[in-house]
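Subject: A structure for you to look at

Hi,

Here is the structure I promised to send over.

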Amino acid sequence: MEKLGEDCIAAFVGEVSDLKQFVQYLPTVPGFRKNSQAGIDRQRKELARRLCTRATKKSGPEDRDYRALYTVWRAWVLERLGERRPINAAIDAIEEASSGSDNDAKTKNVNAAIIALFTLFQQSSEDGKCSREDIERAFQFSLFDTSQPLRALIEAARSAADIRRSAEYAQLPDRLSKDEDDIKAVKAQLTEFGQRLDRLAAAVDGWPIHRTGLLSAIDDLRALIEKRLEALEAARPASQPQTADNGHAHAVAALSERIDDLGRQFSALATDSSRTTDSLHAANEAVERVNTRLDTVESALANKDDQAIAELTSHIKTVAERLDREIKVRLSGTIDPSILERLSSIEAALTSHVVEEPPHETKSPPQSGAEVIQNPPPILVEALPQRVTAASTSVSTFAGIIAPLVAMFQDLGLKASGAKILAEEICAALLVGQVAFFKGAYATEAARGCASLLCHGNAYRLALPLGLQQGDDLRRSLQSKIAVTDGLLSAVTIEGINLVAFEICKDVLAELATDGPSHIAGRFGGALVIATIAQGVASLPVEATYLELGPVFDLDCLDWRSKRPDARNMNALALSKPAAQAVRTTLTTKAVDTEEPQKLVQAFLPKRNPRIEHTALFAFTALAACRKEGELPTPLQSLTYGWLLPLWITLAVPRSEVDIQIDGGKCDAATPDVRLKLLLDDLGVGPDKERS
């Protein structure tokens with residue numbers, strides 16, 4: 001085992017598909033909740049470390065460590081080396097043979113059972129269910145001694161490459177059959193394409209014939225018209241007036257010229273078969289209409305009616321013009337010229353009486369003697385009243401800082417144990433530069449009390465106006481009132497933080513809570529910032545970005561007394577920056593394992609948010625530093641209360657999924673945190689709860 005190394009053993013243990021069912025056999029590791037993935041990873045690494053430790057009188061692997069490895073080995077073998085039932089029976093046979101009294105017969109029986117087990121492995125290899133490399137790995141991590149028959153069985157097994165090659169050979173008939181089907185399908189498609197090409201070729205070859213027939217029909221039509229006109233001319237009486245003859249001659253000449261023009265247009269037809277076919281039908285219909293009109297002309301001329309001849313000649317001209325336009329439209333794809341003329345006339349009518357408006361002139365507002373306000377007035381910032389008897393500046397420990405807050409929360413009606421825990425969580429967040437958000441019925445009173453008790457004489461409050469539009473108004477108001485020095489800390493209570501869009505004031509809050517370099521002129525920051533969350537019609541919902549700046553403490557889910565006690569006098573603090581910095585150093589320098597908190601922070605985020613991660617892990621380090629080993633709630637439970645559950649509530653994570661992550665409020669402790677159980681009711685819609 002020492003030669004294999006910790007990494008190799010840990011990797012072998014991790015290859016078992018479900019280690020959760022073997023957690024009871026692995027070494028216990030404190031600081032992780034039961035059955036968590038991070039805890040299981042640490043347990044398998046701890047087992048590997050113990051197995052690789054050199055055995056001495058005082059240290060080294062124990063029997064339970066070898067039993068754990070054997071349990072994992074057996075599960076690994078059953079998963080990878082063939083049929084489970086015969087392999088399980090063979091391993092039971094080895095255990096049964098090993099349980100007898102020590103003698104030659106026992107050794108012989110054990111060796112025979114081991115040979116039978118590896119014979120099963122070799123047969124599974126022949127069937128392609130496992131490879132020689134897997135059998136070698138099973139022997140490497142087993143507790144069996146090497147023997148010649150055993151090595152012979154392992155060497156006789158098939159390698160992974162041989163099994164893979166045989167599988168490829170077995171698939172060749174199916175692959176060939178599939179290729180043949182694909183070739184047949186391609187041939188069928190080629191045949192179909194050939195038939196379609198033949199049909200198209202026949203259509204293309206027949207087009208010149210259709211075109212020649214059309215031109216021949218036009219020539220026959222022209223000859224027929226001329227022949228009929230000549231017959232009519234010969235049949236006219238000698239007494240017909242010359243004027244009518246001249247009009248008839250002009251009409252005939254115009255009609256003949258139009259027909260010649262139609263012939264030229266039909267000669268220039270495009271080769272598009274579908275469009276030409278439609279044009280041929282239209283031309284045939286037009287020819288039929290011309291023949292009808294010519295028959296009418298012939299009938300009228302036969303009756304020697306000069307007036308009818310003139311009217312029919314006019315109708316012929318109209319028909320010829322309409323025929324001309326129709327053919328042009330069908331052959332060229334353009335719009336009818338009459339339609340274009342109509343559209344042009346409509347456009348001219350619409351634009352003829354448009355009156356251009358004079359250019360707009362911007363008039364300057366009248367000047368008056370009143371002062372012009374360039375910026376809105378700043379938000380009112382007030383100093384918090386001093387309600388205590390005396391102030392002290394000598395406190396420089398974390399316990400001394402939380403003492404006045406514990407007393408204040410007890411005066412509000414909170415029980416002593418809950419008051420101490422809440423004071424620790426609030427001070428841990430504030431001292432590491434985070435913004436503490438209070439939510440609940442006592443949110444405003446608690447926020448003002450915390451600010452005035454921690455920074456006596458240097459605490460301020462402001463109420464955000466509904467619908468604030470610019471963060472600079474908030475920044476300018478705070479800068480005009482709050483003095484930033486290197487001596488004493490300032491505390492600011494911002495009431496109704498969710499009455500405006502959080503993105504407007506988020507950067508101002510972050511800047512206010514962060515202490516900048518002392519050499520910069522006009523410094524702004526380094527204050528203890530507490531914001532309250534309003535509850536009402538005008539309030540906006542809490543967003544996940546709140547958790548980028550600090551925790552959200554829901555005060556309503558704490559352990560309150562049924563009756564609020566009488567107020568008592570208490571001492572306040574005037575915290576100095578050096579004292580606060582010293583306490584902060586003690587909170588942030590402790591080495592803490594943050595693997596489990598980081599996984600919980602990332603569990604339900606749609607994408608990674610490094611600012612939320614840094615805020616939560618920084619707070620976890622501070623909470624771990626201010627709590628003693630074994631104290632309840634644990635740092636992870638406190639982190640879940642103020643940082644994780646509020647984040648999951650904003651993301652509307654299903655309650656059942658969160659319940660699995662925090663183990664019903666236990667997290668990494670043996671008993672659940674009551675606050676977490678109450679906060680579960682505020683989670684999003686899940687499979688087992690409707691949103692209230």
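Below is what turned up, going from the whole chain to single residues.

Before anything else, keep in mind that this is a predicted model. The protein has 692 residues, and 41% of them count as buried. Its fold is built from 23 helices and eight strands. If you take the contacts between residues at least 6 apart in sequence, 76% of them join residues at least 24 apart. The accessible surface comes to about 39200 Å², and carbon and sulfur atoms account for 52% of that.

Now for the inside. The largest nonpolar core has 103 residues, and the members touching the most others are Phe409, Phe437, Phe438, Ile497 and Trp648. Helix α14 (residues 416-431) gives this core its largest share, nine residues. Apart from it there is another core, with 44 residues, including Ala10, Ile94, Leu117 and Phe144.

What does it touch, if you skip residues up to four places away in sequence? Its contacts include Ile426, Ala443, Cys450, Ile530, Phe553 and Leu555. Phe438 has a relative accessible area of 0%, so it is buried.

Next, the aromatic rings. A pair of rings is described by how far apart the centres are and by the angle between the planes. There are 15 aromatic pairs in the model. In one of them, the rings of Phe12 and Phe141 have centres 4.1 Å apart and planes at 5°, so this pair is stacked. Phe12 sits in helix α1 (residues 6-14), while Phe141 is in the loop between α6 (132-140) and α7 (148-156), so the pair ties together parts that are 129 residues apart in sequence. Both Phe12 and Phe141 are buried.

Compare that with Phe438 and Phe553, an edge-to-face pair with 6.3 Å from centre to centre and 65° between the planes. This pair also links distant parts of the chain: Phe438 is in strand β3 (residues 436-439) and Phe553 in strand β7 (residues 552-554), 115 residues apart. Phe553 is buried too, because its relative accessible area is 0%. Elsewhere, Tyr70, Trp73, Phe118, Phe121, Phe139 and Phe144 make up one aromatic cluster.

What about nonpolar residues on the outside? Val186, Leu190 and Phe193 make a nonpolar surface patch of about 300 Å². Leu190 belongs to helix α8 (residues 160-235). Is Leu190 buried or exposed? Its relative accessible area is 56%, and the cut-off for exposed is over 50%, so Leu190 counts as exposed.

- Ser638 is in helix α21 (residues 635-650). At 0% relative accessibility it counts as buried. Leaving out residues up to four places away in sequence, Ser638 touches Glu425, Leu623, Arg627, Pro633, Trp643 and Arg675.
- His456 lies in the loop between α15 (443-454) and β4 (459-463). Its relative accessible area is 17%, and buried means under 20%, so His456 still counts as buried. His456 and Ser490 are 34 residues apart in sequence, yet 8.7 Å apart in space from C-alpha to C-alpha.

Cheers

Terms used. Residues are numbered from 1 along each chain as its sequence is written. This is a predicted model: local features need pLDDT of at least 70, side-chain atom pairs count only at pLDDT 80 or more; totals for chains, interfaces and linings use all residues. Side-chain values use heavy atoms; hydrogens and water are left out. A nonpolar core is a set of buried Ala, Val, Leu, Ile, Met, Phe, Trp, Tyr and Cys residues joined through side-chain atoms within 4.5 Å. Buried means under 20% relative accessible area, exposed over 50%, partly exposed in between (1.4 Å probe, protein chains only). Helices (H or I, at least four residues) and strands (E, at least two) are DSSP runs, numbered from the N terminus. Contact means heavy atoms within 4.5 Å. Patches are made of residues with over 30% relative accessible area and no salt bridge: like charges are joined within 9 Å, nonpolar side chains (Val, Leu, Ile, Met, Phe, Trp, Tyr) within 5 Å. Accessible areas come from the Shrake-Rupley method with a 1.4 Å probe; for residues, only the protein chains shown count as cover. A salt bridge is a side-chain nitrogen of Lys or Arg within 4 Å of a carboxyl oxygen of Asp or Glu. Rings of Phe, Tyr and Trp (its six-membered ring) pair if their centres lie within 6.5 Å; planes under 30 degrees apart count as stacked, over 60 as edge-to-face and the rest as tilted.
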